[in-house]
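Please read these notes with the model open beside you. The points are numbered so that each can be checked in turn.

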Amino acid sequence: MLEGGEGAGKSTQARRLADWLAGRGTAALATREPGGAPGAERIRALLLDPAEPLTPLAQTLLHVAARVEHVAVTIRPALASGIWVVCDRFMDSTRVYQGVAQGVAPAAIEMLAGIVGIEPDLTLVLDLPVAVSRERSAARRAQLGEAADRYEAMDDATHARIRDGFLARAAAAPDRYAVIDASAGLDAVFAELCAAVAQRLG
Ligand code: Z5A
């Protein structure tokens with residue numbers, strides 16, 4: 001799984017990583033959350049819409065509903081066929097965005113994680129200073145003519161807590177996480193990701 005703040009390069013690198021794995025003879029699927037299955041993509045639209053007020057607990061339940069659908073429709077069938085799954089965000093985003101940043105109780109989130117029932121073999125945290133992360137996503141929004149979504153609209157202090165939340169999770173389980181410096185150029189970040197995957201997953 002690829003995790004981290006906005007603009008860290010997760011979507012771009014997830015696609016590249018899946019292609020790289022395929023080039024080495026390992027079939028791989030790049031997917032994303034919230035989304036990755038038709039029903040989950042519809043839930044995504046509601047979750048990202050800043051005009052639709054939703055409590056943190058309701059956001060949590062919707063993220064998990066989308067994930068349950070994504071796991072059932074996309075992830076488990078892929079794994080059952082021997083296809084590796086490279087996912088842009090997963091349960092750690094709920095732990096960090098809804099738990100650390102929005103104050104939803106960790107016990108409730110872990111109960112929901114149990115219902116999702118699957119955790120990644122390896123989580124790559126793309127780490128970026130908040131200022132750089134915000135610059136990149138603002139530039140991309142300007143290019144596409146898009147407005148900030150619910151999460152992009154959160155303030156810098158919240159994004160700093162999110163960054164720290166991902167780093168704390170990685171520090172607590174170094175065997176299942178690798179922290180990648182996402183401030184380097186696209187190719188340098190990709191090389192570091194590939195090295196981490198090759199080293200950890202063979
Ligand atoms: N969320 C949640 O709260 N709870 C959950 O359980 C889940 C998610 C699953 C989904 O938004 C939001 O949902 C997310 C958390 C919340 N919000 N935030 N913030 P999303 O999927 O639309 O957005 P995102 O996940 O934050 O991704 P992003 O902004 O699209 O960033 P990214 O995927 O990490 O980066 P990118 O799209 O590949 O690249 C962004 C731009 O930076 C683009 O113009 C690139 O060309 C550029 N870029 C990327 N890498 C580089 C490097 N290395 N150098 C220079 N420029 C670069």
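1. In helix α4, the buried residues are M91, D92, S93, T94, R95, V96, Y97, Q98, G99 and A101. Buried means under 20% relative accessible area, exposed over 50%, and partly exposed in between, with a 1.4 Å probe and protein chains only. Helices (H or I, at least four residues) and strands (E, at least two) are DSSP runs, numbered from the N terminus. Since 10 of the 11 residues of α4 are buried, the helix is largely enclosed by the rest of the structure.

2. The model is predicted: local features need pLDDT of at least 70, side-chain atom pairs count only at pLDDT 80 or more, and totals for chains, interfaces and linings use all residues. Residues are numbered from 1 along each chain as its sequence is written, and side-chain values use heavy atoms, with hydrogens and water left out.

3. What covers the buried residues of α4? The cover includes β1 (2–4), α3 (56–80), α5 (106–116), β4 (123–127), α7 and β5 (177–181). Leaving aside residues up to four places away in sequence, T60 touches T94, Q98, V104, I109 and L112. Contact here means heavy atoms within 4.5 Å.

4. S93 is part of helix α4 and counts as buried at 7% relative accessibility. Its side chain and that of E3 are joined by a polar contact of 2.5 Å. A polar contact is a pair of N or O atoms within 3.5 Å; within protein, one must be able to donate a hydrogen and the other to accept it, and residues adjacent in sequence count only if both atoms are side-chain atoms. S93 touches E3, Q98 and F166, again not counting residues up to four places away in sequence.

5. Next, the aromatic rings. Rings of Phe, Tyr and Trp (its six-membered ring) pair if their centres lie within 6.5 Å; planes under 30 degrees apart count as stacked, over 60 as edge-to-face and the rest as tilted. By this rule there are two aromatic pairs. Y97 and Y151 form an edge-to-face pair, 5.9 Å centre to centre with 85 degrees between the planes. Y97 lies in helix α4 (residues 91–101) and Y151 in the loop between α6 (130–144) and α7 (156–172), so this pair ties together parts that are 54 residues apart in sequence.

6. Y97 and F166 also form an edge-to-face pair, at 6.2 Å centre to centre and 65 degrees between the planes. This pair links helix α4 with helix α7, and so ties together parts that are 69 residues apart in sequence. Y97 counts as buried at 6% relative accessibility, and F166 counts as buried at 2%. Y97, Y151 and F166 form one aromatic cluster.

7. Which residue takes a positive phi just after α4? G103 does, with a phi of about 80 degrees. G103 belongs to the loop between α4 and α5 and counts as exposed, at 60% relative accessibility. From G103 to R67 the C-alpha distance is 20 Å, and the two are 36 residues apart in sequence.

8. R67 has its charged end over the ring of F90, 5.3 Å from the ring centre. The charged end of R16 sits over the ring of F190, 4.4 Å from its centre. A charge sits over a ring if NZ of Lys or CZ of Arg is within 6 Å of the ring centre and within 35 degrees of the ring normal.

9. The ligand has 28 residues around it, of which S11, T12, R89, T94 and R140 come nearest. A residue is near a molecule or strand if one of its heavy atoms lies within 4 Å of it. A polar side-chain atom of R140 is 2.5 Å from an oxygen atom of the ligand. A polar backbone atom of G9 lies 2.9 Å from an oxygen atom of the ligand, and a backbone N or O atom of A184 lies 2.9 Å from a nitrogen atom of the ligand. Taken alone the ligand exposes 1100 Å², and the protein buries 86% of that. Accessible areas come from the Shrake-Rupley method with a 1.4 Å probe; for residues, only the protein chains shown count as cover.
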